[in-house]
Every structure is written in structure tokens, then in C-alpha cells.
Amino acid sequence: MDHGEHGTMTDLPPFTLSRALEFSPDAFFLVGCLLALALYGWGVVRLRGRGDNWSPGRTVSFVLGVLTVVLTMCTALNDYGMVMFSVHMVQHMVISMVSPILLLLGAPVTLALRALPVAGRGRKGPRELLLALLHSRFMRFVSHPAFTIPLFIASLYGLYFTPLFDFLMESKPGHIAMMVHFLATGLIFFWPIIGVDPGPHRPGYLMRMLELFAGMPFHAFFGIALMMASEPMVRAYENPPASLGIDALSDQNAAGGIAWAFSEIPSVLVLVALVYQWYRSDQRQAKRSDRAADRDGDKELAAYNAYLASLQTRGQ
């Protein structure tokens, strides 16, 4: 496959799943994914080496999250995504909505805080810098729903319906920056909602569900807008290579359908995970209450019974 001007693919054969899954690495994302796996693996080995446990489920989730990034950016999907709007939309939806959920469930920040050594008195090492970042005003700002929800929405409408998308698609660095933005936006949006790592903004579970449903419908509206359009809306995909044998408008309609469908799938996954986290949180709270009752002889229950007895006495 030869790259044409601006890194687009001009002689790709018609799209098939087997062709799309051929290994075609983007150096930036390949190095980034390998580095992420190496650092996470180092953290797990370090914890195990000193006798601490780390959930295998978290490890599996993080690895799957990295592999979804590899799938979208280091296969021929990335090549087809440069000339097919529908394939690009698959990349966008996966890297902004599936990859972040899996990565966050892997709790990489918690792993780092447990694995990194504590610096000496009066010194600041990587662990101390990470803690300072977590408690910074910047982190409180970017994790607040007043920022995360508009950012999530603007990543759709402010990008595809303005000349910015075409500008970024004209160069490889621009395309890389756009995909990094999608991943970062997904991480920022889902972190306060589903993330198990510590953070400055951690609302109750009901509020998290409201935040989730506040952002998801806009994906559906965006998809419907693409599906109902009577002409191509993005200049970068107006003239697909003849070798693909596709129609630009039909491909755009398919992209809209993909965006619409992806507004539902991650919502269900996140909702299931939130309900499970809520259940686990209640279980832990109940165990803490039981242990406290065992230690103090259940003083709280005794005090409540005494209060009821006093009310009964007054009534007599």
C-alpha cells in the first residue's frame, strides 16, 4: 500500500474485515501502547514482589483497553479510516468510548500510587508529583461535569461540523493529535463516572448515572444528523478513492449509524459497571458497620433502643 499526498491511502482495495485487521502500525501509538503495558506490568510485578495483591481483573481490563487502541491505530483500520468516513467513525467511537472505559477499570493511577516508592523527607519523587496533580486545581477543573460534558459534546460537533477536522486530516501529526484528543476526552469524561482511581470529583452513584446520560444522547443526535444529510458534510471524505468502490454519501450514512449505535453500547456497559460498583460499595460499608458494632458492643443500636424506650415512657 502506498501513501498518497498528506498520508492518505489512494490505492486501497475494497474494504473487508480481513484486510482491515492486517498489521499496519502507527509508530506513535505502537510505542505508546508498548510503554503503557510495560509500565503497568512493572507496577504489578513490583506489588507482587513485596507480597501485595493486585486484582487480575484490573490487569485484564487495562490490557484489553490497550489492545483496543492497538486494534484501531496499528492495523489497516487506520489506513482505511483516512479515506472512509465509516471506518474513521469506528476508530473514533472505540478509542473515545471503549478504550477509556477499559483503561479506567484497570485503575492505573491506583497501581502507580501503590507501586512507586515514597521519596525521602523534603524531596518530591514521581509519586509525590502524581499526588500533587490529583489534588491540584487543574484536576478539579477538568474532572468537573461542567467541563467534561461540554468537552465530550464539542469533540463531535465542534470538530466534524467545522473546518478543523479537514485541517487535522491534512497531515499525519494532525491526525495523530486528533486521535490522542479522542482518547483523552474519553478518559476525562468517564473518569469521574466509572473510574476506580482516586480523584477530586467523585459524586454519588446516582449523580454519576445522570452525568453519563447527560452526554450520551448527543452522540445519537450527531449520528442522526449524518444519516439524514443529503450531501457529504465532511470535505475530507467527499471523494473516496475509486479503488474502494464506495459512494461518499452512503459511507457517511453508515458513519452516522455507527455513531448512533455507539451511543447505546458504552452506556449499557458503564451502567452495569456502576451498579456493580454501587453494590460492592454497600457491601464494604455493611462490613465496616459490622466490625464497628463488634468493637463497641453495638452502642448505636443500644442508643436507638433506649431512645425508643424513652418515647414509649413519655407516651404513658
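**Terms and values in a predicted model**

Biologist: Which residues does Thr-110 touch, not counting those up to four places away in sequence?

Modeller: Thr-110 touches Trp-54, Arg-58, Val-196, Asp-197 and Pro-198; contact means heavy atoms within 4.5 Å. Residues are numbered from 1 along each chain as its sequence is written, and side-chain values use heavy atoms, with hydrogens and water left out.

Biologist: Why is Thr-110 called buried?

Modeller: Buried means under 20% relative accessible area, exposed means over 50%, and partly exposed is in between (1.4 Å probe, protein chains only). Thr-110 has 16%, so Thr-110 is buried. Thr-110 lies in helix 6, residues 108-115; helices (H or I, at least four residues) and strands (E, at least two) are DSSP runs, numbered from the N terminus.

Biologist: Is Tyr-237 buried or exposed, and how do you know?

Modeller: The relative accessibility of Tyr-237 is 5%, so Tyr-237 counts as buried. Tyr-237 lies in the loop between helix 12 and helix 13. Leaving aside residues up to four places away in sequence, Tyr-237 touches Gly-81, Met-82, Val-83, Met-84, Phe-85, His-88, Phe-165, Met-169 and Ala-248. Met-84 is 153 residues away along the chain, yet its C-alpha atom is 6.5 Å from that of Tyr-237.

Biologist: What makes the nonpolar surface patch?

Modeller: Phe-218, Phe-221, Ile-224, Met-227, Met-228 and Trp-260 make a patch of about 620 Å². Patches are made of residues with over 30% relative accessible area and no salt bridge; like charges are joined within 9 Å, nonpolar side chains (Val, Leu, Ile, Met, Phe, Trp, Tyr) within 5 Å. A salt bridge is a side-chain nitrogen of Lys or Arg within 4 Å of a carboxyl oxygen of Asp or Glu. Accessible areas come from the Shrake-Rupley method with a 1.4 Å probe; for residues, only the protein chains shown count as cover. Helix 12 (residues 205-228) gives the largest share of the patch, five residues.

Biologist: Why does Trp-260 count as partly exposed?

Modeller: Trp-260 has 42% relative accessibility, so Trp-260 counts as partly exposed. Trp-260 is in helix 13, residues 248-262.

Biologist: What is the mean pLDDT of the protein chain?

Modeller: The mean is 84, and 85% of the residues reach 70 or more. Over residues 1-8 the pLDDT is below 50; beyond near neighbours in sequence, this stretch has 20 contacts in the model.

Key:
Predicted model: local features only at pLDDT ≥ 70, side-chain atom pairs only at ≥ 80, totals over all residues. pLDDT = per-residue confidence, 0-100.
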